[in-house]
Amino acid sequence: MTAAVAPDQRRQVFARFFRAVGLQQAGEMERARQAFEDVLDLDPAHADALGLLGALLHDQERYERSAQVLARVVALRPTDAALRHLWGKALFGLEQTEQAHQQFDLAIELQPGLASAHASRATAL
């Protein structure tokens with residue numbers, strides 16, 4: 001949660017976030033997507049909500065929106081290899097191969113043992 005969120009909104013942000021996670025875990029993906037968006041309405045820089053929303057959108061093959069959301073969270077967490085990898089996958093889904101390779105390479109540089117990033121890099125060649 002960002003410092004820009006007023007203290008009286010913190011409980012509401014937490015409640016909305018955990019509701020969104022619960023909906024996602026229950027397989028209610030469209031409701032979870034909206035719930036993550038609700039969290040971001042209150043706290044646009046909520047990195048966990050951004051990351052989970054980006055992953056959900058990717059899984060729904062909504063690559064353009066996924067890439068937009070993941071770009072935002074990577075700006076907040078530039079050293080998170082898993083987020084860079086996922087952003088690369090969204091970019092690859094948009095056929096932005098060069099940009100996808102850059103993200104896969106950065107993910108591998110940040111976390112050399114991230115096998116999924118190596119596999120995505122190989123698949124994208």
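Reader: Before we start, what do buried, partly exposed and exposed mean here?
Author: Buried means under 20% relative accessible area, exposed means over 50%, and partly exposed lies in between, with a 1.4 Å probe and protein chains only. This is a predicted model, in which local features need pLDDT of at least 70, side-chain atom pairs count only at pLDDT 80 or more, and totals for chains, interfaces and linings use all residues. Residues are numbered from 1 along each chain as its sequence is written, and side-chain values use heavy atoms, without hydrogens and water.

Reader: Good. How many helices and strands are there?
Author: The protein has seven helices and zero strands, and its pattern along the sequence reads α-α-α-α-α-α-α. Both kinds of element are DSSP runs numbered from the N terminus: helices are H or I with at least four residues, strands are E with at least two.

Reader: What share of the residues is buried?
Author: Of the 125 residues, 42% count as buried.

Reader: Which residues lead the largest nonpolar core?
Author: That core has 31 residues, and those touching the most other members are Phe17, Phe36, Ala49, Leu53, Leu70, Val73 and Trp87. Two or more residues each come from α1 (7-25), α2 (29-42), α3 (47-59), α4 (63-76), α5 (81-93) and α6 (97-110). The largest share, seven residues, is given by α3. A nonpolar core is a set of buried Ala, Val, Leu, Ile, Met, Phe, Trp, Tyr and Cys residues joined through side-chain atoms within 4.5 Å.

Reader: What does Trp87 touch?
Author: Leaving out residues up to four places away in sequence, Trp87 touches Ala67, Leu70, Ala71, Val74 and Gln103. Contact means heavy atoms within 4.5 Å. There is also a second, separate core of five residues, which includes Ala81, Ala107, Ile108 and Ala117.

Reader: Ala117, then. Where is it, and what is it in contact with?
Author: Ala117 is in helix α7. Ala117 counts as buried because its relative accessibility is 0%. Beyond its neighbours within four places in sequence, Ala117 contacts His85, Phe104, Ala107 and Ile108. Its C-alpha atom is 9.0 Å from that of Gln103, a residue 14 positions away along the chain.

Reader: Ser120 next: why is it counted as buried?
Author: Ser120 counts as buried because its relative accessibility is 14%. Ser120 belongs to helix α7 (residues 115-123). With neighbours within four places in sequence set aside, Ser120 is in contact with His85, Lys89 and Phe104.

Reader: Changing topic, which loop holds Glu61, and is Glu61 buried or exposed?
Author: Glu61 is in the loop between α3 and α4, and is exposed, with a relative accessible area of 57%. Although not a glycine, Glu61 has a positive phi of about 60 degrees.

Reader: What about the phi of Glu95?
Author: Glu95 is not a glycine either, and has a positive phi of about 65 degrees. Glu95 lies in the loop between α5 and α6 and is exposed, with a relative accessible area of 70%.
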